Amino acid sequence: MFALLSLGIWLYLLFGHGGFWRSRPQLPPATPVEFPDIDIIVPARDESETIGAVIGSLLAQDYAGKFRVILVDDNSADNTAALAGKAPNLHIIRLDAKPPGWSGKLWALSQGVAASRAPVLLFTDADIAHQPQHLSSLVAQLLSARLDLVSEMVRLHCASLAERALVPAFVYFFQMLYPFAKVNDPRSAVAAAAGGTVLIRREALDRIGGIEAISSSLIDDVALAKAVKRQGSIFLGHSALAASIRRYPAFIDIWRMVSRTAFTQLRHSAWLLGLTLVGLTAVWLVAPWELAFGNGWQRLAALIACDLAAFSFTPTLARYGRSKFWVIALPLIALFYMATTVASALSYWRGKGARWKNRAYQN
């Protein structure tokens, strides 16, 4: 019975869940027909390791229109601002503290928006390096499809053992949670963005009430996309023109990154946590268990379910240049992410909340 349930789930995921497993679309290099002014806003807090390369890559964009980079240094304890360098089109804002009720990143973004003038804004993180044609390609997508928001899942750093084991699955699970085809379908209520790259029209941001409308959100990219899609159109794809240079050398580093907001995703609901764990068990653990210990038709159903799961993971593995043999580890990888979700919930219930960049959030 449980093996058939798992098989039924996988048949739906493969054929009825927006083709999430295809790991596409990918935004191609392109040149826009028009070149509106762009203000690029980079919130940064203690980013001395990456900021020089990030700002350098933004200043080197081959965009034919006017663009300006606004770095918002969110009370860094290191020399982030100094390492950003100097340029005529680089403006640096230094913040001392954030008001209560705001996440640090969103407060920094709001101050960057307040200092901006351009009709189109690019929000990008302080660990994202951009190829020279990236800005032009984003604008081309925004204009050609008459969109309000364009976002990309940039290529994540994938070099250490922990990254090779967990990063492709992180991207795969994100696609499963927010199928890109559904995000891009105006008829679907599914909305998401990836915070590393968000190009948005100022009028669309003003229409939702500005950054203030999502001021306390820890999963700010998804909150922004949901607000914009209620009144407009959005696009989410993969990027071959931008990559995160933030490193996660050990498994504990990825654990901390995921557990920071995992329970927030479930709206701090014990009921949703329980349902999620039951659902993930049915998706990832039942079929391997029945394959190992079942018999007859149960084992056959489990084998088909495992094959479907493995098949669905291979496009994302290919995107990251990883061996197909990593599909064997999927149940263990799923257990890791289930454990981070439980740890996130326990942290919240103990009153610790989320921590990021030496800040605590209980929201």
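Because the model is predicted, local features were considered only at pLDDT of at least 70 and side-chain atom pairs only at pLDDT 80 or more, whereas totals for chains, interfaces and linings use all residues. Residues are numbered from 1 along each chain as its sequence is written, and side-chain values use heavy atoms, with hydrogens and water left out.

The protein contains 14 helices and 11 strands, these being DSSP runs numbered from the N terminus, with helices (H or I) of at least four residues and strands (E) of at least two. Its radius of gyration is 21 Å, close to the 21 Å that the globule rule gives for 363 residues, so the protein is as compact as a globular protein of that length; the radius is taken over C-alpha atoms, and the rule is 2.2 Å times the number of residues to the power 0.38. The C-alpha trace spans about 70 × 50 × 40 Å along its principal axes. Of the 363 residues, 53% are buried, where buried means under 20% relative accessible area, exposed over 50% and partly exposed in between, with a 1.4 Å probe and protein chains only. Contacts (heavy atoms within 4.5 Å) between residues at least 6 apart in sequence join, in 78% of cases, residues at least 24 apart.

The protein exposes about 16200 Å², of which carbon and sulfur atoms supply 60%; accessible areas come from the Shrake-Rupley method with a 1.4 Å probe, and for residues only the protein chains shown count as cover. There are 35 positive and 25 negative side chains, and the centres of the two sets lie 5 Å apart. In this count Lys and Arg are positive and Asp and Glu negative, while His and the chain ends are not counted, and each charge is placed at NZ of Lys, CZ of Arg, CG of Asp or CD of Glu.

Aromatic pairing was assigned to rings of Phe, Tyr and Trp (its six-membered ring) whose centres lie within 6.5 Å, with planes under 30 degrees apart counted as stacked, over 60 as edge-to-face and the rest as tilted. By this rule the count comes to 19 aromatic pairs. The rings of tyrosine 63 and phenylalanine 67 have centres 6.4 Å apart and planes at 75°, so this pair is edge-to-face, and both residues are buried. The pair of phenylalanine 174 and phenylalanine 180 is likewise edge-to-face, because the ring centres are 6.2 Å apart and the planes stand at 80°; both of these residues are buried. One aromatic cluster is formed by Trp10, Phe20, Phe170, Tyr172, Phe173, Trp255, Trp284, Phe313, Phe336 and Tyr337.

Burial was also examined by helix. Helix 4 (residues 104-114) is mostly covered, with 8 of its 11 residues buried, among them Leu106, Trp107, Leu109 and Val113. In helix 10 (residues 251-259) the buried residues are Ile254, Met257, Val258 and Ser259, and the buried residues of this helix pack against helix 6 (161-177), helix 11 and helix 14 (330-349).

Serine 244 lies in strand 9 (residues 234-244) and is buried, with a relative accessible area of 7%. Leaving aside neighbours within four places in sequence, serine 244 is in contact with Asp127, Ile128, Val154, Arg155, Leu156 and His157. From histidine 91, serine 244 is separated by 153 residues in sequence and by 22 Å in space, C-alpha to C-alpha. Aspartate 127, in the loop between strand 5 (120-124) and strand 6 (128-130), is buried at a relative accessible area of 8%; apart from residues up to four places away in sequence, aspartate 127 touches Thr50, Val54, Ala243, Ser244, Ile245 and Arg246. Most residues other than glycine have a negative phi, and most peptide bonds are trans. The peptide bond from arginine 24 to proline 25 is cis, with omega near 10°, and proline 25 is found in the loop between helix 1 (2-16) and strand 1 (26-27). Aspartate 46, in the loop between strand 2 (38-44) and helix 2 (51-59), has a positive phi near 55°. Histidine 268 has a positive phi of about 55° although it is not a glycine, and is placed in the loop between helix 11 (262-265) and helix 12 (270-293).
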